[in-house]
Structures are given as structure tokens and as C-alpha cells.
Amino acid sequence: MFAKGVSMYGQMTAGSYCYIGPQGIVHGTTLTLMNAGREYLKLGDLSGKVFLTSGLGGMSGAQAKASAVAGCVGVIAEVSKEALLKRHKQGWLMEWTDNLDDCIARIKRAKQEKKAVSLGYLGNVVDLWERVVVDYEATGELLVELGSDQTSLHNPFGGGYYPVQLGFDEALQVMKDEPPRFKHLVQESLKRHVDAINKLAEAGMHFWDYGNAFLLEASRAGADVRAGASATVFRYPSYVQDIMGDLFSLGFGPFRWVCASGLPEDLSTTDNIALETMEELSKNASESSKRHYVDNCRWIREAGKHQLVVGSQARILYANEQGRKAIALAFNKAIAEGRLKGPVVLSRDHHDVSGTDSPFRETSNIEDGSQFCADMAIQNVIGDSFRGATWVAIHNGGGVGWGEVINGGFGLLLDGSEDAAERAKMMLSWDVLNGIARRSWSGHPLAQETASAAMAAQPKLIITVPHQPPSDQLLDSCFRDS
């Protein structure tokens, strides 16, 4: 099946054709940082505020670029020199050092200058967190306002996390030759990792789990992360719970498209169309939605400057149901009029309002018990398939590890036809509102507000009652069966 191109191995995004490299995670991390500033620091401007994290690999490497776009001081630890230098050469990481004292001094200078900077530390993030604790205890100055982690802890003992007790090369050897010892060292390292974070959190630093199974693996290691007796309730939130959950409840999520022509000018045209559409929609948006339109308008203006295209001429932005439909119809019209030279394929990431069942990430803020069910992904795929999707995909893994998530995705081809426009309207509404309904049922006020507005905007279903009403027995039977 893999050879025929109808199946693939790996923790894919929501549609293999629409994998767009690191652009998606850069955008998502940018929005996460901006909203963390609002939620935790009550600030719309992150100048001079420090975000400390780890990882400069395939997905986590986006943190450096996102820090610069969001306007904060991003400090990212990385144990692999190869990965760090790749991001530095790429231009995503502005500066780096392998000296802890120099790193701390540079953080202090960046805070004073209030300039956006991404600083890499070549070393273990546990050493860096512990060094920040030492500085706080010595000076009383809290250097870090925001903290997280993007090591690949869905694969903790196979290279996803490196213990602080060993250097990088030595860790590789122990992982290969002494797996039980490596596992023990990883778990001891996680305890130290959490101890340092706890001390800084008590002093006012805000930490969140970035959906990489950090808190889950730390709890399995015996670290002090649980909030009470429950094995799945932690003292720190998933970023979906505190930071991104409101976006999902409003219907905003990672809508994306690929210009099938492969022409950069087509991508530029779609950027302009999307920007004009969002600016128009923002005029009549609710206050809760308006700021997200504004954030994404800023993103589209900045995206072209940051060389985010890898391979496919593709773009991502967070749009709600109304926005996705409006943008799709505007694209389809541009194709029909010849302003776009080729078709456009629509898709989304699995990290979205609906289509993904992931109790430790995407659905972690659904707390009625249904976060441990895997039905929404299947409902989305089935519903998308007969509402006009060109293809659908069901898959497992998706960033948090095999067995921890079920994802459903789609691809929808726009070719300028009236049929494509109708399919886009039907399919995109279902794909978003399925998740809104679930969050509304779970009691999220913003989702309930969004669901009510969406229902008011839908065509009304008219039921024709026969002249001779059915018997009471038949009605009873129907209601009972329903």
C-alpha cells in the first residue's frame, strides 16, 4: 500500500499532500506565544519578555522563528549541535552560545534592550533551567516569564529526550548499548527538570505543556507534576486548555492551502485574497473573534518576509468556519476568472477545532470524559467524504505518539467550477462545526455562543407534516428508537 502511494508510515499531518514543512508549526507557535502573553501576562506586547524552552529539531525548531515574529526573547536549548547550527544557518536562530554564564548575561541584556531575539543554548535544557533558578535565588530577579518544552517526549527512550547526566554523544551510546540504564537516567533527568520549573513557577513564571507528552512522561517518571490523585490532571495546563482552547471554541484553527500550479505568484495572489477577506470579515466580527482576525492579518503580512515556503507553494492561517468558507469561495472565483493560474487544494492541520481526538493535546480541554473517545475524527472523515472532499485520511500518531491520538483529515480541490464552490460551502461548515458542537456540549461558553450563531446562520429545515397524523404508538416508537 505504501508503494502504491495510498498509505504512509509516520506521524503525519491531516493530509499527506498538504504537509507544508515547518510553516504550520511556526504559525501555531507564534499564535500560542501571543495568546500566552494575553492570558498569563495581560500584555499585547511581548517586548523584553523571555520565553524559555527546548528543541530546535524538525517541529520544535519553529520556536526560534516564532519568538522573533511574536516579538519576545526566545531562549531555546538544544543538545544536538547539528540541529542548532542548521537553524542558525537557516536564519531562524539569531544567536547561540554553549556557555551558561554567557547565556544568562545575554538574556539580561535582551530584556533591557526589549528587542526581539532568538538565542540558542547548545546544551541540556535542564542545566539551563537550574541555572536560572540559581540566578533567581542569588539576585531575586526572575529572568523568565513564559516557559514550555518541545522535546519529543512521545518517544522518551528512543532519542526524543536526552538526560542531563550525559553528554550528547555518550547518551547516544548508552541508549544503544544499555537501554534500561538510559531509561532510568531519562526519568531522573525529568525529575530534575520539573523541580527547577516548579521553583520558578512558584516565583511567578508561567509554564505550559506543549502537547509533546512532557507532563505525561514526567508523571510516569515520578516527578512532582500531578494535581491531586488523578493520573491525568496536572499542576500545569496543556496549552490547548489555557491558551488555544478559546480559539478552537470560536472555530479558529489551522486552515491551509496549496497552489497546485507551483507558482510563487499564485501564492502571493492567494495571500492578498485571504488578507482582504479577513479584513472585511473582521469589521463585523464579535470582540472575541476580532483579535484573532487581526492576529492572522498580521501573520499574512509577515509570512512572505520570513521565507517559510518549503517545497509546495502553500500557506496556513487560523480561520473560523465563516472565514474558511469566504476564503475558499474567493479562491474559487479567482481561479474561474484566471487571476490564479492553477487549481488550489484546501486542507487543514490535525491540530484543529475538530477532526482529532487527542486527550493530551487537541481535546485536552474537553473534560466531560469524551476526550478519551476516538469518534470525532471518524465522524469528520465520514461527513467530509460525502459533503464533497476530494480525499480523506484517517491516521494515528500525529505529534503525541502512536496510540495516543486518532486524526481525520481531508483534501478539497478548487477548480473554479460552481460544483467546487458548493462542495466547499458544505464540507467546510461540517468540518469545523462538528468540533464546535462537541465543545459546546462539554460546556464551553465561547463554543456555545459560536454554535448558536452558526445555527442561526444555517438554512432552516422544514418538516412537512402529513394531513393524517401518525398514531401515538408510531410516534412513541420513533422517539424511543431515536
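Leucine 200 lies in helix H7, which spans residues 179-202, where helices (H or I, at least four residues) and strands (E, at least two) are DSSP runs numbered from the N terminus. The model is a predicted one, in which local features need pLDDT of at least 70 and side-chain atom pairs count only at pLDDT 80 or more, whereas totals for chains, interfaces and linings use all residues. Residues are numbered from 1 along each chain as its sequence is written, and side-chain values use heavy atoms, with hydrogens and water left out. At 1% relative accessibility, leucine 200 counts as buried, a class that means under 20% relative accessible area, while exposed means over 50% and partly exposed lies in between (1.4 Å probe, protein chains only). Leucine 200 and asparagine 124 are 76 residues apart along the chain, and their C-alpha atoms are separated by 18 Å.

Aspartate 101 is found in helix H4 (residues 100-113) and is partly exposed, with a relative accessible area of 48%. In sequence, aspartate 101 and arginine 131 are 30 residues apart, and in space their C-alpha atoms are 8.6 Å apart.

Charged side chains were examined next. Side chains of opposite charge can pair when their charged atoms come close. With a salt bridge taken as a side-chain nitrogen of Lys or Arg within 4 Å of a carboxyl oxygen of Asp or Glu, a search of the whole structure finds 25 salt bridges. One of these joins aspartate 271 to arginine 315, with the closest N and O atoms 2.9 Å apart. Aspartate 271 lies in helix H10 and arginine 315 in strand E8 (residues 314-319), so this pair ties together parts that are 44 residues apart in sequence. Aspartate 271 counts as buried at 9% relative accessibility, and arginine 315 counts as buried at 3%.

Glutamate 337 forms a salt bridge with arginine 339, the closest N and O atoms being 3.1 Å apart; glutamate 337 is partly exposed at 46% relative accessibility, and arginine 339 is partly exposed at 42%. In helix H14, lysine 425 and glutamate 422 lie 3 residues apart, about one turn of the helix, and their side chains meet in a salt bridge with an N to O distance of 2.9 Å. Lysine 425 is partly exposed, with a relative accessible area of 34%, and glutamate 422 is also partly exposed, at 41%. Elsewhere, Glu95, Arg106, Arg109 and Glu113 are linked in a network of salt bridges.

Grid points are joined across faces, edges and corners, and a volume is the space filled by probe spheres set on the points. The structure holds 1 cavity of 30 Å³ or more, and the largest cavity has a volume of about 40 Å³. Its lining is made up of Thr30, Leu31, Met34, Val69, Asp295, Arg298, Trp299 and Glu302. Helix H1 (23-41) and H11 are the elements that give two or more residues to this lining, and H11 gives the most, with 4 residues.

The second largest pocket contains about 810 Å³ of space. It is lined by 31 residues, of which Glu321, Gln322, Leu433, Ala453 and Ala454 lie nearest its centre. At least two lining residues come from each of helix H10 (264-282), helix H11 (287-303), helix H12 (321-336), helix H14 (418-441) and helix H15 (445-457), and H14 gives the most, with 9 residues.

On the surface, Ile378, Ile382, Phe386 and Ile394 form a nonpolar patch with about 400 Å² of accessible area together. Patches are made of residues with over 30% relative accessible area and no salt bridge, with like charges joined within 9 Å and nonpolar side chains (Val, Leu, Ile, Met, Phe, Trp, Tyr) within 5 Å; accessible areas come from the Shrake-Rupley method with a 1.4 Å probe, and for residues only the protein chains shown count as cover. Phenylalanine 386 lies in the loop between helix H13 (376-385) and strand E11 (391-396), and phenylalanine 386 is exposed, with a relative accessible area of 59%.

How values were computed: 1 Å grid on protein atoms, 1.4 Å probe; cavity = no way out; pocket = protein on both sides within 12 Å on 5 of 7 lines; lining within 4 Å.
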